[in-house]
Amino acid sequence: MVKNKTLPVMFALTVAFSSKAQTLKLDAIIDSITASHPVVKMYDNEIRSMDEAAKGAKSLMPPEFSTGLWMVPYNTNLWKKGDMGTTGMGQYMIGGQQMLNNKRKQNADAAYMEAMSSVEKERKNAALNELISDAKQFYFEWLILEKKLVIIEQNEKLLDFMIRNAEIRYKNGLEKISAYYKARAALGNVQNMRLMLENDVREKRIRINSLMGRNATINFEIDTTYELKDYSVVVFDSSLFYNSRSNLKAIDKDINLAWLKQETEKQSLNPQFGIRYEHMFGFGGLPMQYTLMGMMKLPLGRSSKMNKANMESLKWKANALQSQKEMLVNEYSGIAYSMRNELELKKKQLILYEENIIPAVRNNYKSMQLGYEQNTEELFMLYDAWETLYMTQLEYTELLNQALKMQVEIDRLIEKK
């Protein structure tokens, strides 16, 4: 039986390791972070803890019990019944008391405790937004690295062509050696950049794996398709941020908590009632007795000073939180409009590179290559044309990197997955 169970598992592992690395899209990475990151679990446990604590908000105050000697003389002879029939002195007492619930205060306490977890829920969403934004940034940086690796591969072939052709020409006395060495050095630099880019890809893979809450060494690839979003119709006003930003919603919840806590302090100024019962066993024939009394706690004078001070403090705390919220919205709005303006500029520059600059420098290289093959151009001129094409391609990828980075930051600001 053990062998029968082991064979399918071994087969599955063999298939898993022998197959190509899995290709993940950005949505799948985001879903994995949402489900598996330890920060999410931490907040879920904290929220559950607060919700469980809130269940006891309307419970009774614990009863108090007492027992012991009551009004007993030190002279133990007086405890006994006298010769003339007089009863003894002293009693043994058992008693208990219970403070009664103030329904309004209980409701106020319950509302406050039940609302406490709502703040943590919004903080969880804010933390998750940061994690998702970091994942997007790593993902797009990896995407740019892959594009650069494609450029590197293409240009390695171009340089290899120049070098092999130059070697043939040099043997026949048709080429200068200086341009040849310049091309070989460029090939070495391109190969060195390939090593650095491949190492950067491994680093991005490790970071994304960590964000997904799994083994950092798991191999996978990414889908290199992308989209530059259009934010031209988005109005970055207060209503957008109030409805989207979790940290602003958390501030709203904190403000609500301040008012709820103020209500609990207000209810603490009301009297509290209780009941006390005591039963006494008399010594030396003294009859059993009892007391039944009502109790009332009434905050007066200095005893209410702390509650009133807390109420005033909470009022100013709520005002401070409201001002903080307005300050953050104003800051977010300015940053968002600035980034949108910069992103629109990058889009226009990318179009210029795609439609004009890169085709022009590529055609320049092709014409130089054709002239070189027909012996009308020299190697150093072909090398200069290649270098211009190579640097222009890298400039394009860097522009794309900046545009995607701004897109990630705008999404981070408006908390868009």
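So, helix 8 and helix 9. Helix 8 covers residues 305-373 and helix 9 covers residues 379-414, and the two pack at an angle of about 160°, with their axes 8 Å apart. Keep in mind that this is a predicted model. Angles over 145 degrees count as roughly antiparallel, and that's why we call helix 8 and helix 9 roughly antiparallel to each other. Their crossing is left-handed. What sits in the contact of helix 8 with helix 9, by class? There we have 26 nonpolar residues, plus seven polar and seven charged ones.

Let's stay with helix 9 for a moment. At 1.5 Å a residue, its 36 residues should span 52 Å, and the end C-alpha atoms are 53 Å apart, so that agrees. After helix 9 comes Glu-415, which has a positive phi, near 55°.

Okay, on to charges. Side chains of opposite charge can pair when their charged atoms come close. In this model, the count comes to 25 salt bridges.

Here's one to find on screen: Arg-412 with Glu-130, where the closest N and O atoms are 2.7 Å apart. Which parts does that pair tie together? Arg-412 lies in helix 9 and Glu-130 in helix 4, residues 103-171, so the bridge joins parts that are 282 residues apart in sequence. Arg-412 counts as buried, because its relative accessibility is 14%, while Glu-130 is partly exposed at 34%.

Asp-411 forms a salt bridge with Lys-229, with 2.9 Å between the closest N and O atoms. That's another link between distant parts of the chain: Asp-411 is in helix 9, and Lys-229 is in the loop between strand 4 (220-222) and helix 6 (238-244), 182 residues apart. Is Asp-411 buried or exposed? Buried, because its relative accessibility is 2%.

Glu-278, at 14% relative accessibility, counts as buried, whereas Arg-276, at 26%, counts as partly exposed.

Terms used: Residues are numbered from 1 along each chain as its sequence is written. This is a predicted model: local features need pLDDT of at least 70, side-chain atom pairs count only at pLDDT 80 or more; totals for chains, interfaces and linings use all residues. Side-chain values use heavy atoms; hydrogens and water are left out. Axes are lines fitted to C-alpha atoms, for helices over the stretch in contact, and angles run from 0 to 180 degrees between N-to-C directions. Helices (H or I, at least four residues) and strands (E, at least two) are DSSP runs, numbered from the N terminus. Angles under 35 degrees count as roughly parallel, over 145 as roughly antiparallel, 65 to 115 as roughly perpendicular and the rest as oblique. A crossing is left-handed if the near helix is turned anticlockwise from the far one by less than a right angle, and right-handed if clockwise. Ala, Val, Leu, Ile, Met, Phe, Trp, Tyr, Cys and Pro count as nonpolar, Asp, Glu, Lys and Arg as charged, and the others, Gly among them, as polar. The expected span of a helix is 1.5 Å times one less than its number of residues. A salt bridge is a side-chain nitrogen of Lys or Arg within 4 Å of a carboxyl oxygen of Asp or Glu. Buried means under 20% relative accessible area, exposed over 50%, partly exposed in between (1.4 Å probe, protein chains only).
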